[in-house]
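Here is a short tour for you to follow with the model open. Have a look at the chain and its ligand, and then read on.

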Amino acid sequence: MIKTRWYKDAFVYQIYPRSFCDGNGDGIGDLRGIISKLDYLKDLGITAVWLSPCYKSPNDDNGYDISDYKDIMTEFGTLDDWKEMVEGMHGRGIRLIMDLVVNHTSDEHPWFVESKKGKDNPYRDYYFWRKGRGKDGKKPPNNWVSRFGGSAWEYDEASGEFYLHLFSKKQPDLNWDNPKVRAEVADIVKFWLDAGADGFRCDVITYISKVEGLPDGKLGGDNMFTHGPNIHKYLHELYQNVLSKYDCMTVGEAAGVTVEQALLYTGEEREELDTVFQFEHVEVNSILQVLPRKVGLKRTKGVFTKWQKGLYNKGWNSLYLENHDQPRCVSRYINDNPGMDNELRKKSAKMLATLIYFQQGTPYVYQGQEIGMTDIMFKDESDHVDVMAKNIFKLVKKYAPFLKGYAMKALQIRSRDNARTPMQWNAEKNAGFTPSSVEPWYRVNENHSYINVGEAQNDPDSVLNFFKRLIKIRLGNQIIIKGEYRELLPESRDVYAYERVLDGKKLLVVCNCKNKTLSVKLSDKNDPNANQKLILSNYDDAGACGCEMTLRPYESRVYEIN
Ligand code: NOJ
């Protein structure tokens, strides 16, 4: 099979199905809702969709807890709906990247149900069951901490043993050291590729190999289950057995990954994954990292530059500012005031898109980002529905009630619920996500009265229309796909500027990341008379580029220079 590596010239749109569009009027997004929006996606210009999990699930973690890998979640529809959806995508030149969640299953998956039946059950070794510590054996087997807070072990009265769950207790970790588990995963991957999927986003893939003996580790055990001893062997095996036989792509979720490690996962000759999502620019590892909200621009630029240079000609980057686990980028990087001036919101959403999508790598836009959706205001603990937020409140209540105020503040900034409010299609009650007579599964942001797709389609100056122009410019552009990246003005705390260079041709990207007018001196050598063309800006009267330019608040410009 010749791999065309189509993902190098793709523009991916992430759909979180629960919040995208409700096709059957039950208040929950679903596959028929997605089918009804395929023309919208085609018109936007994207060429691939990453679909967050749509498999059977009891929804402890909105589908990231799977109870049947080969069927569709009841609320989302049927396998026939899925087939119609994928055909509709392919017919419009859109590829489909499924979410592969195989570090863990749901505790309601038949493998786990069997495994819980007793120590001799043939499925026992599909998971990690261990004896506890302490005299009564009721202390967890090691010091590993769940990503959602608290011990990563849950005690099972019936067998007197604990099982491992790096996420919620309804998400038991699969034991990849068991060859039968690896064969099951290969079978699932083959099933969806044969059905028409074009690739996978591999959920928390860096956790699948644990250090033998499951010893105590640092930082809640992190170094004992991240990039574990057999991870490259297991990924290479999956590649050889299945992935190599299809023209598909994989992108691994890899929180905490370094450039060096990313090269091991994505080096083409190593045949493991095609790309990874790194997290350095969004810092998600710990709830303690959430405050202060504003991440220094200089640091963030440094992170981008490190990744652009580090993977150039050796690996492949993924470009994103949002996903279903992250706050909205205008709220996070620009202004968390829900009443933010609308013109500034539009300008800055466009500037952020410019800043990220002219870098090298596969671009991902998260549903709603293309209209500049923002975070919501959480007034009360009960406004949070995400399992992670709920766990945090539970722990605070139990161990440190005085931290409740801090938790509310931290979660206002970091809560995953921010990104999961329903997609805003129009200004009507429920934003066109679900009929206005129906109660949506989660709150609609009040600002849908003016931030919505319908409004954006009618406004030539909208964030949506800017995205369409940007995507058109990006697709097929060899300088963006292959060009070298050079950062300009690395010391600036206000401006992010870089060039992309290929065969004597250049793209110059300049972004004013501040809400003030600035004068920028790019270089003494920059020839103002060079053959230059402004190809994209968020101000419609942006001028020529020279050694010095004046940039208005959040102004971004992209020039083609020959
Ligand atoms: C990462 C996913 O993005 C997140 O939403 C989920 O909760 C965890 N993995 C566990 O599957």
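Predicted model: local features only at pLDDT ≥ 70, side-chain atom pairs only at ≥ 80, totals over all residues.

Gln369 is buried, because its relative accessibility of 4% falls under the 20% limit. You will find Gln369 in the loop that runs between β13 (362-366) and α12 (387-399).

## The ligand and its shell

Which residues come nearest to the ligand? The shell holds 13 residues, and those that come nearest are Asp61, Arg201, Asp203, His324 and Asp325. By type, the shell is made up of 7 charged, 4 nonpolar and 2 polar residues. Two domains contribute to this shell, domain 1 (6-103 + 179-378 + 420-471) and domain 2 (104-173), so the ligand lies between them.

Asp61 places a polar side-chain atom 2.5 Å from an oxygen atom of the ligand. For His324, an N or O atom of the side chain is 2.8 Å from a ligand oxygen atom, and for His104 a polar side-chain atom lies 3.0 Å from an oxygen atom of the ligand. How much of the ligand's accessible area does the protein cover? On its own the ligand has 290 Å² of accessible area, and the protein covers 98% of it.

How many disulfides does the model have? The count comes to 0, and two cysteines let you see how this works out. For Cys202, the closest cysteine sulfur belongs to Cys248 and is 9.4 Å away, which is too far for a bond. Cys513 has its closest cysteine sulfur in Cys511, at 5.7 Å, and this too is too far for a bond, since a disulfide needs the two sulfur atoms within 2.5 Å.

Are these two cysteines buried or exposed? Cys202 counts as buried at 3% relative accessibility, and Cys513 is buried as well, with a relative accessible area of 12%.

## Tyr498 in its strand

The last stop is Tyr498, a residue of strand β15, which covers residues 495-502. With a relative accessible area of 0%, Tyr498 is buried.

Conventions. Residues numbered from 1 in each chain as written. Heavy atoms only, no water. Near = heavy atom within 4 Å. Polar contact = N/O pair within 3.5 Å; in protein donor to acceptor, adjacent residues only side chain to side chain. Areas by Shrake-Rupley, 256 points an atom, 1.4 Å probe, with all protein chains shown as cover. Nonpolar A, V, L, I, M, F, W, Y, C, P; charged D, E, K, R; others polar. Domains from an automatic or database assignment. Buried < 20%, exposed > 50% of the residue type's maximum accessible area, 1.4 Å probe, protein only. Helix = DSSP H or I, 4+ residues; strand = E, 2+ residues; numbered from the N terminus.
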